[in-house]
Each structure stands twice: as C-alpha cells, then as structure tokens.
Amino acid sequence: MNHPEVDIVAIRQKLLALEVSLREESIESASSRETVVLDQTSVGRLSRMGALQGQAMAKAEEQRRQMSLKRISGALQRIDQQCFGECIECGEWIGAKRLTWDPLALKCIECAE
C-alpha cells in the first residue's frame, strides 16, 4: 500500500514533470559537454582552460541529472509496486510533509540521520 496520507496522483505528476524537465535540460546542454577543440592559433591559453573547465562542469551536471532521473524512475516504480513512502531501512512510513516536499526521499528522518 502506498503512503495513506500522500496524494499519489499529485506526486506522480510532480515526478513526471521533473523527469521531462531534466531530460530537456540534458538535451539543451549536450553541446557544452562535447569535446573541446584546442586550436592554439585561434584561442588563447586561458580561453582553452576556461572551455575545458566549462566542459567538466557540464559533464558533472549531466551526471547529477542522470542520478536524479534514476531516483525518479525508482520512485515511480515504488508507486506502481504500492510501496511508495515506506522507509527502505525500517519499513515505517516516511513523513507525509517530507514526501510531498521531496518525493525522492527513501528513508524516514530517524533512519536518514
């Protein structure tokens, strides 16, 4: 049984909207993660360093997006399996307010500490 005090329909909609948003961000930022061309005749050393740093930051952000997408997928699976809102450590219900604010929470407050 999913958490009895949480609006599962609203949570599912929130998760799906977040998933769409993250996928769009991933597509929009694809060019910033591409290989940096190091043409020394057209770009100065500091500009190349800045481009490499920007690429590294874009790749790190993409990794965070992909991790969030996995967590969203897991939350949607828990909803489908009728166990959304159960703490993965102790099996007790995660607080309804906490789940509403962060539907990706996996543990109750006590187990998360």
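Start with the contacts of the whole protein chain, where a contact means heavy atoms within 4.5 Å. Among contacts between residues at least 6 apart in sequence, 60% join residues at least 24 apart. The model is predicted, so local features need pLDDT of at least 70 and side-chain atom pairs count only at pLDDT 80 or more, while totals for chains, interfaces and linings use all residues. Residues are numbered from 1 along each chain as its sequence is written, and side-chain values use heavy atoms, with hydrogens and water left out.

Switch to a cartoon view. The protein chain has four helices and zero strands, in the order α-α-α-α from the N terminus on. Helices (H or I, at least four residues) and strands (E, at least two) are DSSP runs, numbered from the N terminus.

Now show the surface. The accessible surface comes to about 7,700 Å², and 54% of that belongs to carbon and sulfur atoms; the area is computed by the Shrake-Rupley method with a 1.4 Å probe. Of the 113 residues in the protein chain, 29% are buried. Buried means under 20% relative accessible area, exposed over 50%, and partly exposed in between (1.4 Å probe, protein chains only).

Select residues 8-28, which form helix H1. The 21 residues of H1 should span 30 Å at 1.5 Å a residue, and the end C-alpha atoms of H1 are 30 Å apart, which agrees. The expected span is 1.5 Å times one less than the number of residues.

Within H1, select Ile8, Ile11, Leu15, Glu19, Leu22 and Ser26, which are buried. They lie on the same side of H1, because they cover an arc of only 75 degrees around the axis. The arc is that of the directions from the helix axis to the C-beta atoms. Turn to the face pointing away from this buried side: Val9, Gln13, Ile27 and Glu28 are exposed there.

Next, zoom in on glutamate 19. This residue is buried, with a relative accessible area of 17%. Which residues is glutamate 19 in contact with, leaving aside its neighbours within four places in sequence? They are Leu69, Ile72 and Leu76.

Move to leucine 16, also in H1. Leucine 16 is partly exposed, at a relative accessible area of 35%. From leucine 16 to leucine 69, the C-alpha to C-alpha distance is 10.0 Å, although the two are 53 residues apart in sequence.

Finish at the start of H1. There, a side-chain oxygen of aspartate 7 reaches to within 3.3 Å of the backbone nitrogen of valine 9.

Notes
Polar contact = N/O pair within 3.5 Å; in protein donor to acceptor, adjacent residues only side chain to side chain.
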